[in-house]
Amino acid sequence: MSRFMRKEYDSIVPYTPGEQLNDKKYIKLNTNESPFPASPKVLETINQNLITSLNLYSDPKLKKIKEAIAEFYNVKPDMIFVGNGSDDVIAFAFMAFGGLGGEFCCPDITYSFYPVFADLFKANLEKIPLKDDFSIDVNDYVNKGKNIIIANPNAPTGLALTHDEIELIVKTNPDNVVIIDEAYVDFAPGVSVVDLVDKYENLMVTQTFSKSRSLAGLRVGFSVASKTLTDDLEKLKYSFNPYNVNTLSVEAAAAAILDRKYYENTISQTIEIREFTKNELIKRGFTVTDSKTNFVFAKSDKIPSSVLYEELRNKGILIRYFNSPRIDKYFRMSMGTLEQMKTVVNVIDEIIKERE
Ligand SMILES: *Cc1c(COP(=O)(O)O)cnc(C)c1O
């Protein structure tokens, strides 16, 4: 920090994104991106006369993308807030509902951006321990009396609460905002609570185009919530960056969400690949959580995950390893194509054999 920066920022530890290495070609399974290209409709849209309109500002109302999302979920466009990735949306939510001394809680093991936002916006964040099996104890959140943020399915554990468990949390905290981060929900059929936003004023669901819609580089995420909560985020957005989503992203994301067939096909493939990978790891004696996402979370008694991470990296495969309490025995591996995952399993066999 320079001597000019406010001392109040001393204690902030920024989020560490997964490595984006390009010293050689990797099988990249460390940031939960999709291995599939985006819908062909996305490229078509970008190619059409779009480039010619870049001299103009993007639409601050984000009408086109809001209408596309509204159609997909059968809600009103004024219940949708769109951000530059869902990180942007979640940041606005922390600012709006937790900023300047508000109260939030979340699981102790979850998306590591939440504590960063809490620090940045001066929210008090209570971290509630997961159970030993990494599941969330719903009772910890019933009648909590604080704002709540839960990733469902959770990361990096991959575990999901059911639709009814989430509803219980939302229903018993009517005077607080409950944010459900559904970054991975498309890989967990039946789990999303988007259908409840009309019923509960205090529920905000966030989702992203980064994982299930193969558009991580485009940076588009959104929330679906009551108009009241949505307007709160809009107020902050217009006080900070009214053009937070660029024109190409708006058009491309709208095209992507309207291409349901392509989306359903890549989702079902990813789920199959995940189940294949889980089974292959279980056959080899790994402990694997029941992940409902596009990644697996696992460990082996035969090889520490820190070593597996290093060895795989040397062999051109990137996974994620977290050197933090309770989960330091585990690794997280995003799902690649089926071919890639077959290769990875073979390489893991080689690595374990070399150590015997
Ligand atoms: C990936 C991820 C996000 C954010 O994704 P964006 O690319 O910013 O849309 C949010 N929450 C969780 C739990 C994630 O894994």
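Q: Which residue in strand 8 is the bridge partner of Ile 80?
A: Val 224 is the bridge partner of Ile 80. This is a predicted model, with residues numbered from 1 along each chain as its sequence is written. Local features need pLDDT of at least 70, side-chain atom pairs count only at pLDDT 80 or more, totals for chains, interfaces and linings use all residues, and side-chain values use heavy atoms, with hydrogens and water left out.

Q: What makes strand 2 and strand 8 a pair, and in which sense do they run?
A: Two strands pair if DSSP finds at least two bridges between them. Strand 2 (residues 80-83) and strand 8 have 4 bridges, so they count as paired. The sense is antiparallel. The strands themselves are DSSP runs (E, at least two residues; helices are H or I, at least four), numbered from the N terminus.

Q: How many bridges pair strand 7 with strand 8?
A: There are 5 bridges, again in the antiparallel sense. In one of them, Thr 208 has Gly 221 in strand 8 as its bridge partner.

Q: Why is strand 8 called mostly covered?
A: Buried means under 20% relative accessible area (exposed is over 50%, partly exposed in between; 1.4 Å probe, protein chains only). In strand 8 (residues 221-225), 5 of 5 residues are buried. Gly 221, Ser 223 and Ala 225 point one way, while Phe 222 and Val 224 point the other way.

Q: How do you know that the buried residues of helix 6 share a side?
A: Leu 229, Thr 230, Leu 233, Glu 234 and Lys 237 are buried in helix 6 (residues 227-237). They cover an arc of only 145 degrees around the axis, which puts them on the same side. The arc is that of the directions from the helix axis to the C-beta atoms. Helix 2, strand 2, helix 3, strand 7 and strand 8 are what these buried residues pack against.

Q: Why is Lys 227 called partly exposed?
A: Its relative accessibility is 40%, so Lys 227 counts as partly exposed. Lys 227 lies in helix 6. Leaving out residues up to four places away in sequence, Lys 227 touches Asp 78 and Met 79; contact means heavy atoms within 4.5 Å.

Q: What makes the buried residues of helix 5 line one face?
A: His 163, Ile 166, Glu 167, Ile 169 and Val 170 are buried in helix 5 (residues 163-171). Seen down the axis, they fall within an arc of 160 degrees, so they line one face of the helix. They pack against strand 5, strand 6 and strand 7.

Q: Why are strand 9 and strand 12 at the edges?
A: The open sheet has 4 strands in the order 9-10-13-12, with antiparallel pairing. Strand 9 and strand 12 each have a single partner strand, so one side of each is left without a neighbour in the sheet. Further in, 4 bridges join strand 10 to strand 13, and Phe 297 stands opposite Arg 332 in strand 13.

Q: Why is helix 8 called roughly parallel to helix 10?
A: Helix 8 (residues 260-283) and helix 10 (residues 338-355) pack at about 10 degrees, with axes 10 Å apart. Angles under 35 degrees count as roughly parallel (over 145 roughly antiparallel, 65 to 115 roughly perpendicular, the rest oblique). That makes helix 8 roughly parallel to helix 10. The contact residues divide into 7 nonpolar, 1 polar and 2 charged. Among them, Ile 273 and Phe 276 are in helix 8, and Leu 338 and Met 341 in helix 10.

Methods
Axes fitted to C-alpha atoms, helices over the stretch in contact; angles between N-to-C directions. Nonpolar A, V, L, I, M, F, W, Y, C, P; charged D, E, K, R; others polar.
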